[in-house]
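Subject: Structure handover

Hi,

My notes follow below it.

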Amino acid sequence: MNKASPPTENSSEDGEAPPSGGRVSVLFPLPLPKAYDYACDGAAPSLGAFVTAPFGPRQVTGVVWPSEGEAPALEKLKKLAGAFEAPPLSPDLIAFIDWAAAYTMFPKGALLRMVMRVSDALEGPRMQTAYIRAATPEGLRMTAQRKAVLAAAAEAPQFASELASAAEVSEAVVRGLADAGALKRVDVDPDPPFDPPDIERQGPALSDDQQFAAEALADVIAEGGHKAVLIDGVTGSGKTEVYFEAVVAALKKDPEAQALILLPEIALTLPFLTRVEERFGAAPAPWHSDLTAAQRRRTWRRVAEGSARLVVGARSALFLPFKKLGLIVVDEEHDNAYKQEEGVIYHARDMAVARGSLAGFPVVLASATPSLETVVNVDEGRYDAVGLSSRFADAAMPDIRLIDMREDPPAQGRWLSPALVGEVDRNLSVHEQSLLFLNRRGYAPLTLCRRCGHKMTAPGSDSMLVEHRFENRLICHHTGFSMPKPSACPACNAVDALTPCGPGVERVAEEAKERWPDARIAVLSSDTAPGPRSMREVLDAMKAGEIDILIATQVAAKGHHFPNLTLVGVVDADLGLAGGDLRAAERTYQLLSQVTGRAGRAEKPGRALLQTYQPDAPVLAALASGDRDAFLAAEAIGRRDLGFPPYGRLAAVTLRSMDEQALDRTANALKASAPIADGVEVLGPARAPIYRLRGVARMRLLVKAKRNVSLQAYLADWLAKVKVPGPVRVTVDINPYSFL
Ligand code: ADP
């Protein structure tokens, strides 16, 4: 189960004087299911306060938590060691952590750890010395270097390093000037507050549709209390401007309220920060994995004290210590990147709605292709919805056409069909941009020996090694393992027999460069542009019209606006349909409508061509006809018939071990001991599709239950009955998205 080893006993040592004063429970940011009791001298620190207490052999920082169960006698308790001045966690965050732990079946302490990731934020500011301009003292010995520093000095404090680099001198020159009295030393907080968003600032004049939607959201906010509202509108319909109005309404309604905008991807976050700054005259507090430690600390502290009123972040921003959160917006709510698969497994969209529901504030979801979960919630009246029906300023939706690859196949060893090649030719001749989309990194997804049929896999793993030609390596996308491509087959020693099979973006780029030698061609995937900044450079070049053909994975699919892009070619529209997990068709629909939505966002009409071997698949037919609602209705019927989410509940119980025999035995013992319950079915155990990764084998049981069953209670009851041997780890994933 998602649990840790039992804690060390917490009783006072012999001979210690019984503590006086009160008693508090403390939850530690460790994988522990409950809080521990301590005694404290004098007044007990308030609920949510950060405190230090002895735990086992160490002093550990935790949070004062609501007491549960019967407390042991006061004299048996150890004493709290200290308290921090940092603002306490809000009662609604505490309630959220308790709820989320129960829902995800991870220990409370593991969830608290997500709140307390910024280790030095509790210490308070460590003031730093900075320098400002001062009157030049008489007789100051002037040098060229000193002159340069004084020219760079200003009213606003700057650190020695900043001044020195502006003046291209060493820091000693700066300090020398301060000693001589020509600069003044001042103490500054290294984590300055964020400028507040200007909520009086006028946004753009809204279209009638936008106005209607914005007013509906403002009504929900004025009414107060929790409500989830979906903004449903095609890409480019102006959803962002609408939810900005909701942010204004929430921040205006309560001068202490804070708002959080969640985005699924960091590559989207950076340009979005600029957009928020343009709208609100001040940059929001950012939260994502690319921040420096100092930037994290600044956001964490300012969010905790309540002065950061608008936060833009990735899913983990949900666990920031907001003093008074009053609105969450989940943009691209359908995006699977909201599901966290490592550590505590949770879905940030669902958690955001739960957070709003527990604390009594509205949650806005925005998408052009809402998830079936959300659509069903709207249909059944649990969520409200507002729609934006057309693109802003009448930019037309792209014309989408399927290319039947059985009838119009590419030449041997090529991946682009004559029809698609013809369209790219046409675009090049009129100087418009094309995007060739293939959601597969690297050069070739499979490397096979032509002599003996050996497939290259990572050691101890069943995952295929993907050839990456830029780096000339074979890489495992699941474990990160990589090796130079060998010249001989490791199984039969045949030389030069290892053959790349199938295309990745790099291989399509190779074909494109051969075909269009004079075109400006760029490749974009997380390998070719590692890190959000280098990705940004390619995206900016695309926006500026410096690229004719961009060949990209899904990193280019989302949220970007390329005014001169008029053709999107999907190289393999069937890719996401293979493997068939329960959301395969839905995910394909979402991804392909996102990527085809990149075409023709400005005045020029766009077109999209989807290469497919299954033109009759309902998802592809729906994409071609643009009939999203018919597609969703058909999906809904399929899921309802099978009792899958959102019509039923599902949990994955995954067992992992290096010891395959213990794994098999435990999986079968678990299955045998599954309680018989009305409306619950346990499927499996089955090997995971990629059975071994880095020597660890994985088996899975799926628990399917009717909607009225408490899956968590069933699982807790079941898993408590089976003794899991040491070498086997068991994790529970409530409502799984990944079945690999
Ligand atoms: P979505 O979030 O639905 O994809 P956006 O809000 O990003 O759409 O809007 C698409 C484009 O239209 C953006 O460039 C945006 O700045 C512009 N836009 C949207 N609404 C307005 C408006 N009311 N006035 C001016 N420009 C707008």
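His-431 sits in the loop that runs between helix H12 (418-429) and strand E18 (433-437). Its phi is near 60°, a positive value in a residue that is not glycine. Keep in mind that this is a predicted model.

Two cis peptide bonds are worth a look as well. One runs from Pro-645 to Pro-646, with omega near 5°. Pro-646 belongs to the loop between helix H17 (628-642) and strand E28 (648-657). Another cis bond links Gly-684 to Pro-685, again with omega near 5°. Here the proline is part of a strand: Pro-685 lies in E29 (residues 680-693).

Domains next. The chain is split into domain 1 (22-115), domain 2 (129-188), domain 3 (208-393), domain 4 (396-440 + 503-636) and domain 5 (648-734). Note that domain 4 comes in two segments, 396-440 and 503-636.

I went through the interface of domain 1 and domain 3. Their C-alpha centres are 29 Å apart. On the domain 1 side, 17 residues make contact, and they meet 19 residues of domain 3. Interface size is often quoted as the accessible area lost when the parts come together. For this pair the buried area is about 1600 Å², with 78% of it on carbon and sulfur atoms.

Between domain 1 and domain 3 the count is one salt bridge. Arg-355 pairs with Asp-92, and the closest N and O atoms are 2.7 Å apart. On the domain 1 side, the elements that give two or more residues are helix H1 (91-104) and helix H2 (108-115). H1 provides the largest share, eight residues. By class, this side has 14 nonpolar, two polar and one charged residues.

Then the ligand. How many residues surround the ligand? There are 14, and the closest are Ala-205, Gly-236, Lys-239, Thr-240 and Arg-275.

- Gln-210: an N or O atom of its side chain is 2.9 Å from a nitrogen atom of the ligand.
- Lys-239: a polar side-chain atom lies 2.8 Å from a ligand oxygen.
- Arg-275: a side-chain N or O atom is 2.8 Å from an oxygen atom of the ligand.

Last, salt bridges overall. Side chains of opposite charge can pair when their charged atoms come close. The count here comes to 42 salt bridges. One of them joins Asp-384 and Lys-227, at 3.6 Å from N to O. Asp-384 is in strand E16 (residues 384-388), while Lys-227 is in the loop between helix H6 (208-223) and strand E8 (228-233), so this pair ties together parts that are 157 residues apart in sequence.

Best wishes

Methods
Residues numbered from 1 in each chain as written. Predicted model: local features only at pLDDT ≥ 70, side-chain atom pairs only at ≥ 80, totals over all residues. Heavy atoms only, no water. Domains from an automatic or database assignment. Contact = heavy atoms within 4.5 Å. Buried area = accessible area lost by both parts, 1.4 Å probe. Salt bridge = Lys/Arg side-chain N within 4 Å of Asp/Glu carboxyl O. Helix = DSSP H or I, 4+ residues; strand = E, 2+ residues; numbered from the N terminus. Nonpolar A, V, L, I, M, F, W, Y, C, P; charged D, E, K, R; others polar. Near = heavy atom within 4 Å. Polar contact = N/O pair within 3.5 Å; in protein donor to acceptor, adjacent residues only side chain to side chain.
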